[in-house]
Amino acid sequence: MIKKIFLISHTIEAGHVAATPDPDIFFRTVMRDIPALDENAPIPSFQLLDPSKRGDGFFSVSNQVLLFDKAIYLSDLGVPLGLSGNVHPTILNDTKEEIFFLNVTATYNCLNLAETVFKSPNGEEKGVDHGMGIKKLIFFPKLIGDSYIFRIPQRKSAIFIATDESGTQEDFYTLYKVSGMRGLSFAEVWSSE
(Lines give C-alpha, C1' and ligand atoms only; values in the text may rest on other atoms or scores of the structure.)
Protein backbone atom coordinates (compact mmCIF):
# COMPACT_ATOMS: atom_id res chain seq x y z
CA MET A 1 0.00 0.00 0.00
CA ILE A 2 1.40 3.38 -0.98
CA LYS A 3 2.06 5.55 2.05
CA LYS A 4 3.66 8.68 0.56
CA ILE A 5 4.24 10.44 -2.75
CA PHE A 6 7.13 12.81 -3.43
CA LEU A 7 8.09 15.24 -6.16
CA ILE A 8 11.68 14.52 -7.17
CA SER A 9 14.32 17.11 -8.01
CA HIS A 10 18.10 17.38 -8.12
CA THR A 11 20.24 18.85 -5.37
CA ILE A 12 23.51 20.75 -5.68
CA GLU A 13 25.30 17.45 -4.91
CA ALA A 14 24.28 16.09 -8.33
CA GLY A 15 26.90 16.72 -10.99
CA HIS A 16 25.47 19.44 -13.21
CA VAL A 17 25.88 18.71 -16.90
CA ALA A 18 25.15 20.27 -20.27
CA ALA A 19 24.31 18.45 -23.48
CA THR A 20 26.99 18.62 -26.16
CA PRO A 21 27.69 19.95 -28.66
CA ASP A 22 24.77 22.43 -28.25
CA PRO A 23 22.60 22.57 -25.10
CA ASP A 24 20.04 24.81 -26.82
CA ILE A 25 19.41 22.28 -29.58
CA PHE A 26 19.08 19.56 -26.93
CA PHE A 27 16.35 21.50 -25.12
CA ARG A 28 14.54 22.41 -28.37
CA THR A 29 14.63 18.91 -29.88
CA VAL A 30 14.78 16.40 -27.02
CA MET A 31 13.39 18.03 -23.89
CA ARG A 32 10.36 19.58 -25.61
CA ASP A 33 9.11 16.04 -26.38
CA ILE A 34 9.35 14.76 -22.80
CA PRO A 35 7.60 12.48 -21.86
CA ALA A 36 6.51 11.53 -25.42
CA LEU A 37 10.11 11.23 -26.63
CA ASP A 38 10.52 8.20 -28.90
CA GLU A 39 12.18 5.23 -27.19
CA ASN A 40 14.78 5.11 -30.00
CA ALA A 41 15.49 8.84 -30.04
CA PRO A 42 19.22 9.65 -30.09
CA ILE A 43 20.45 11.36 -26.93
CA PRO A 44 23.52 13.60 -27.11
CA SER A 45 26.56 13.22 -24.91
CA PHE A 46 26.99 15.37 -21.80
CA GLN A 47 29.76 17.46 -20.26
CA LEU A 48 30.15 18.27 -16.56
CA LEU A 49 29.83 21.99 -15.96
CA ASP A 50 32.35 21.67 -13.12
CA PRO A 51 34.52 18.51 -13.43
CA SER A 52 35.47 18.75 -9.74
CA LYS A 53 31.79 18.22 -8.79
CA ARG A 54 30.89 14.87 -10.31
CA GLY A 55 28.46 13.78 -7.58
CA ASP A 56 27.42 10.30 -6.43
CA GLY A 57 26.20 9.00 -9.76
CA PHE A 58 23.19 11.16 -10.54
CA PHE A 59 23.63 14.11 -12.89
CA SER A 60 21.41 17.15 -13.28
CA VAL A 61 20.39 18.41 -16.70
CA SER A 62 16.69 19.03 -15.91
CA ASN A 63 14.19 17.93 -13.28
CA GLN A 64 12.12 16.49 -16.16
CA VAL A 65 14.53 13.54 -16.57
CA LEU A 66 16.96 11.42 -14.58
CA LEU A 67 20.55 10.98 -15.72
CA PHE A 68 22.76 8.46 -13.90
CA ASP A 69 25.91 6.38 -14.20
CA LYS A 70 26.33 2.66 -14.89
CA ALA A 71 26.91 1.80 -11.22
CA ILE A 72 23.41 3.06 -10.39
CA TYR A 73 21.88 1.30 -13.40
CA LEU A 74 23.44 -2.02 -12.34
CA SER A 75 22.55 -1.58 -8.65
CA ASP A 76 19.23 -2.29 -6.93
CA LEU A 77 18.17 1.24 -7.93
CA GLY A 78 18.33 0.25 -11.61
CA VAL A 79 15.30 -2.04 -11.35
CA PRO A 80 12.70 0.63 -10.48
CA LEU A 81 14.39 3.12 -12.82
CA GLY A 82 14.12 0.67 -15.72
CA LEU A 83 10.48 -0.11 -14.95
CA SER A 84 9.47 3.55 -15.16
CA GLY A 85 10.33 4.42 -18.75
CA ASN A 86 12.83 4.45 -21.57
CA VAL A 87 16.51 4.27 -20.64
CA HIS A 88 18.79 5.75 -23.32
CA PRO A 89 22.55 5.11 -23.12
CA THR A 90 24.84 8.07 -23.76
CA ILE A 91 28.33 9.27 -22.81
CA LEU A 92 29.84 11.58 -20.19
CA ASN A 93 32.53 13.34 -22.23
CA ASP A 94 34.74 14.13 -19.23
CA THR A 95 35.47 10.47 -18.48
CA LYS A 96 34.15 8.74 -21.63
CA GLU A 97 32.01 6.57 -19.37
CA GLU A 98 28.59 5.32 -20.33
CA ILE A 99 25.74 7.09 -18.55
CA PHE A 100 21.99 6.68 -18.87
CA PHE A 101 19.20 9.14 -19.67
CA LEU A 102 15.81 8.10 -18.26
CA ASN A 103 12.63 9.45 -19.79
CA VAL A 104 9.89 8.50 -17.34
CA THR A 105 6.96 7.32 -19.47
CA ALA A 106 4.87 5.67 -16.74
CA THR A 107 1.92 8.06 -16.54
CA TYR A 108 -1.05 7.47 -14.26
CA ASN A 109 -4.30 9.40 -14.15
CA CYS A 110 -4.32 9.14 -10.36
CA LEU A 111 -4.97 12.73 -9.29
CA ASN A 112 -8.16 13.22 -7.30
CA LEU A 113 -9.29 16.28 -9.23
CA ALA A 114 -12.31 16.96 -6.99
CA GLU A 115 -10.12 17.27 -3.87
CA THR A 116 -6.94 18.76 -5.38
CA VAL A 117 -6.47 22.45 -4.57
CA PHE A 118 -5.66 24.51 -7.67
CA LYS A 119 -4.33 28.05 -7.89
CA SER A 120 -6.98 30.47 -9.15
CA PRO A 121 -7.38 34.19 -9.90
CA ASN A 122 -8.86 34.53 -6.40
CA GLY A 123 -6.08 32.59 -4.68
CA GLU A 124 -7.04 28.92 -4.65
CA GLU A 125 -9.99 26.71 -5.46
CA LYS A 126 -10.69 23.04 -4.76
CA GLY A 127 -11.60 20.92 -7.76
CA VAL A 128 -11.40 23.62 -10.45
CA ASP A 129 -8.27 23.80 -12.62
CA HIS A 130 -7.75 27.33 -13.94
CA GLY A 131 -4.47 26.37 -15.60
CA MET A 132 -2.51 28.44 -13.06
CA GLY A 133 -0.86 25.58 -11.20
CA ILE A 134 -1.56 23.26 -8.32
CA LYS A 135 -1.35 24.25 -4.66
CA LYS A 136 -2.08 20.87 -3.02
CA LEU A 137 -2.07 17.49 -4.77
CA ILE A 138 -4.51 14.80 -3.66
CA PHE A 139 -4.00 11.32 -5.14
CA PHE A 140 -5.92 8.11 -5.59
CA PRO A 141 -2.95 5.85 -4.67
CA LYS A 142 -4.71 2.68 -5.86
CA LEU A 143 -4.59 4.06 -9.42
CA ILE A 144 -0.77 4.05 -9.42
CA GLY A 145 0.39 1.12 -11.54
CA ASP A 146 3.50 -1.06 -11.52
CA SER A 147 6.04 1.77 -11.47
CA TYR A 148 6.51 3.84 -8.34
CA ILE A 149 8.32 6.42 -10.50
CA PHE A 150 5.69 8.14 -12.62
CA ARG A 151 4.12 11.26 -14.10
CA ILE A 152 0.57 12.59 -14.03
CA PRO A 153 -1.22 14.13 -17.04
CA GLN A 154 -1.78 17.42 -15.18
CA ARG A 155 1.99 17.98 -14.63
CA LYS A 156 3.75 16.13 -17.44
CA SER A 157 7.14 17.71 -16.73
CA ALA A 158 7.21 16.58 -13.08
CA ILE A 159 8.48 13.21 -11.85
CA PHE A 160 6.77 11.71 -8.82
CA ILE A 161 8.01 8.91 -6.56
CA ALA A 162 5.61 6.77 -4.52
CA THR A 163 6.71 4.64 -1.59
CA ASP A 164 5.22 1.89 0.46
CA GLU A 165 8.35 2.08 2.67
CA SER A 166 8.95 -1.65 2.16
CA GLY A 167 12.33 -1.51 0.43
CA THR A 168 11.15 -3.97 -2.25
CA GLN A 169 12.62 -3.69 -5.74
CA GLU A 170 9.81 -1.33 -6.84
CA ASP A 171 10.35 1.07 -3.92
CA PHE A 172 12.97 3.45 -5.36
CA TYR A 173 12.55 5.98 -2.54
CA THR A 174 13.40 3.55 0.26
CA LEU A 175 16.23 1.94 -1.74
CA TYR A 176 17.71 5.39 -2.43
CA LYS A 177 17.48 6.51 1.21
CA VAL A 178 19.08 3.27 2.48
CA SER A 179 21.92 3.61 -0.05
CA GLY A 180 23.06 6.90 1.50
CA MET A 181 23.40 8.46 -1.95
CA ARG A 182 23.07 12.18 -2.57
CA GLY A 183 22.01 14.19 -5.58
CA LEU A 184 18.23 13.82 -5.46
CA SER A 185 15.70 15.45 -3.18
CA PHE A 186 12.18 14.35 -2.42
CA ALA A 187 9.49 16.91 -1.51
CA GLU A 188 6.53 15.15 0.07
CA VAL A 189 3.33 16.11 -1.77
CA TRP A 190 0.92 13.50 -0.40
CA SER A 191 0.63 11.16 2.57
CA SER A 192 -1.92 8.52 3.52
CA GLU A 193 -1.60 9.61 7.15
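1. Three strands make up an open sheet in the order 9-8-10, with antiparallel pairing. Two strands count as paired if DSSP finds at least two bridges between them. Strand 9 (123-126) and strand 10 (134-136) are the edge strands, each with a single partner, so one side of each has no neighbour in the sheet. From one strand to the next, the twist averages 40 degrees. Such angles run from 0 to 180 degrees between N-to-C directions, and the axes are lines fitted to C-alpha atoms, for helices over the stretch in contact.

2. A word on what you are looking at. This is a predicted model, in which local features need pLDDT of at least 70 and side-chain atom pairs count only at pLDDT 80 or more, while totals for chains, interfaces and linings use all residues. Residues are numbered from 1 along each chain as its sequence is written, and side-chain values use heavy atoms, with hydrogens and water left out. Helices (H or I, at least four residues) and strands (E, at least two) are DSSP runs, numbered from the N terminus.

3. Now look at strand 8 (residues 117-120) and its partners. Strand 8 pairs with strand 10 in the antiparallel sense over two bridges, and Val117 stands opposite Lys136 in strand 10. With strand 9, strand 8 pairs antiparallel over four bridges; here Ser120 stands opposite Gly123. Strands 8 and 9 form a hairpin with two residues between them.

4. There is also an open sheet of four strands, in the order 11-12-1-13 and with antiparallel pairing. Strand 11 and strand 13 are its edge strands, each pairing on one side only. Four bridges join strand 1 to strand 12, and the bridge partner of Ile5 in strand 12 is Ala162.

5. Helix 4 lies across strands 1, 11, 12 and 13, and runs at about 140 degrees to strand 13. The buried residues of helix 4 (residues 172-179) are Phe172, Tyr173, Thr174, Leu175 and Tyr176. Buried means under 20% relative accessible area, exposed over 50%, and partly exposed in between (1.4 Å probe, protein chains only). Just after helix 4, Gly180 takes a positive phi of about 75 degrees.

6. Which residues touch the most other members of the largest nonpolar core? They are Phe172 and Phe186, among 21 residues in this core. The largest share, four residues, comes from helix 4. A nonpolar core is a set of buried Ala, Val, Leu, Ile, Met, Phe, Trp, Tyr and Cys residues joined through side-chain atoms within 4.5 Å. Leaving out residues up to four places away in sequence, Phe172 touches several residues, including Ile8, Phe58, Leu77 and Phe186; contact means heavy atoms within 4.5 Å.

7. Finally, the aromatic rings: the structure holds 19 aromatic pairs. Rings of Phe, Tyr and Trp (its six-membered ring) pair if their centres lie within 6.5 Å; planes under 30 degrees apart count as stacked, over 60 as edge-to-face and the rest as tilted. Tyr73 and Phe100 form a tilted pair, 4.4 Å centre to centre with 35 degrees between the planes. Tyr73 is partly exposed at 31% relative accessible area, whereas Phe100 is buried at 6%. The ring centres of Phe139 and Phe150 are 6.4 Å apart and their planes stand at 90 degrees, so this pair is edge-to-face.
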